[in-house]
Amino acid sequence: MNYSTIKKTAVAASLVAAFGFAEVAQAQQPTVFGGRSQYRTWSIGVHGGITAPNVLTGGSNAFGQKVGYFQNKVGEYYGLTIRKQFSHLFGLELEGNRGRIKTYNHNVSGPASENQFGAQSAEVNVDWSGSLNGVFQLGTIDFLRRENAVNFFAKVGFGVLASNPVQYGNNEFTGTPVWNNEGNWGSEIFGDRTATGDRKNKLTGFIPVGVGAKFKLSEVVALNLGYTMNFTDDNRFYGPARTDYKGRFSTVTGGLEFTLGSRDKENLTFANPVAALYDELKDNTLRNEVEALKQRVSTLEGTVDLLSKDSDGDGVSDKFDKCPNTPAGEQVDGAGCPIKFPEPQVVNNVATGSYAAPIQFEFDSSVLKTESYSTLDRLAKELRDNNGSVTLDGYASAEGSEAYNQNLSQDRANAVKQYLVNAGVAAAKVSANGKGESNPVASNDTEAGRVQNRRVEIKK
């Protein structure tokens with residue numbers, strides 16, 4: 001095993017440890033801030049309730065009734081909502097409603113000149129209303145739980161409604177109207193008086209401002225209870241009157257909200273990042289696991305430092321170097337010991353041995369080592385300059401079968417040939433031969449000898 005292999009092993013182990021830590025962290029905590037795609041964010045709702053011609057902030061309506069207290073005439077109100085939640089704190093809601101609003105002045109009676117032009121009560125039919133509201137999650141009473149079950153919210157928006165006011169001469173909203181939205185007056189009350197009414201289903205802008213509470217009944221269904229004040233821009237919202245106040249009314253509603261999407265995902269409305277962070281800080285099991293992982297990483301880093309130390313710079317770490325203090329630049333085997341190359345034999349002044357130092361290979365490999373490149377580059381230049389030829393004899397150590405080693409030796413010779421061809425030497429000038437286990441230059445009984453036998457000899 002050389003330094004490169006040790007380094008790769010250490011890096012791989014580090015990655016496995018880091019990935020294992022990430023998996024544990026992922027399993028131990030919810031990814032609260034992982035994006036809206038991991039939550040259910042769409043919902044639809046139905047609701048119904050009652051209306052009142054006053055609001056909690058006080059003031060007067062255009063019919064002349066002081067609204068600092070709750071009047072005893074109420075109307076019905078019902079509708080639908082579609083909501084998109086953008087975070088656990090904010091969402092946008094499209095709301096549509098219809099219903100009736102009733103108001104009367106029980107303190108006024110007598111001649112028409114003193115009695116709201118003869119009208120004692122008014123009824124406003126809201127044929128339809130639509131608004132776009134921003135919904136803000138204000139807080140929760142169970143913030144220490146992983147998932148909220150009760151949330152408080154506030155909303156504000158802008159909308160348009162189509163309304164038809166009708167006025168009566170009594171407080172029972174019965175009999176012949178003394179005025180309606182088409183401009184008709186009761187002649188028995190007003191004599192020759194005339195008036196011009198608004199068109200039927202007149203459009204009025206309004207601003208809804210409300211608060212409420214949301215109760216989680218299941219993973220899909222929630223119960224909503226809310227109070228909303230509606231401020232219009234119409235001073236004839238309840239019909240003609242002596243005063244010039246903008247019309248206003250309030251609603252008290254209850255309804256069910258249904259969350260859309262896969263039940264495998266959490267409802268973003270009830271997601272609670274504070275609770276998740278609290279659980280993480282208080283989870284002793286998670287903290288102990290993190291500390292254990294830190295210790296393992298620290299130990300692994302120390303092992304990597306120990307394995308990577310190479311005092312003599314020969315490419316073999318000190319832990320595995322059997323020949324420390326090898327001179328710089330000397331080729332060594334896997335144990336860090338210098339390689340002894342055989343001297344070329346000369347017969348009749350003709351070299352029959354290797355032309356240059358053999359090209360060495362790793363065990364069971366035909367991949368060239370980087371330290372062989374300089375030798376092969378010099379050989380390629382000489383062959384190109386002199387148009388010379390060369391013979392490459394590949395060899396293998398004695399491990400494995402002879403047939404396998406024959407093929408391995410041929411692959412080693414071909415690898416050297418391919419390098420020379422890529423360097424510009426004509427392929428016809430290079431002969432590559434596989435010699436298998438034959439002609440060992442050292443004993444195959446020791447690793448040092450087997451290292452020397454894994455070679456390609458270069459002959460001219």
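## Disulfide

A disulfide is a pair of cysteine sulfur atoms within 2.5 Å. In this predicted model, a search of the whole structure returns one disulfide. C323 and C337 form the disulfide, with their sulfur atoms 2.0 Å apart. The pair links distant parts of the chain, 14 residues apart, and both C323 and C337 lie in the loop between helix 4 (284-308) and strand 11 (346-347). Helices (H or I, at least four residues) and strands (E, at least two) are DSSP runs numbered from the N terminus.

The link of C323 and C337 is right-handed, with 80 degrees about the S-S bond. C323 is partly exposed at a relative accessible area of 22%, whereas C337 counts as buried at 17% relative accessibility. Buried denotes under 20% relative accessible area, exposed over 50%, and partly exposed the range in between (1.4 Å probe, protein chains only).

## Barrel

Eight strands close into a barrel in the order 2-3-4-5-6-7-8-9, with antiparallel pairing. The twist averages 25 degrees from one strand to the next; axes are lines fitted to C-alpha atoms, for helices over the stretch in contact, and angles run from 0 to 180 degrees between N-to-C directions.

Two strands pair if DSSP finds at least two bridges between them. Strand 3 (residues 75-85) and strand 4 (residues 90-104) pair in the antiparallel sense over nine bridges. The bridge partner of Y78 in strand 4 is R98.

## Basis of the values

Residues are numbered from 1 along each chain as its sequence is written, and side-chain values use heavy atoms, with hydrogens and water left out. Local features need pLDDT of at least 70, side-chain atom pairs count only at pLDDT 80 or more, and totals for chains, interfaces and linings use all residues.
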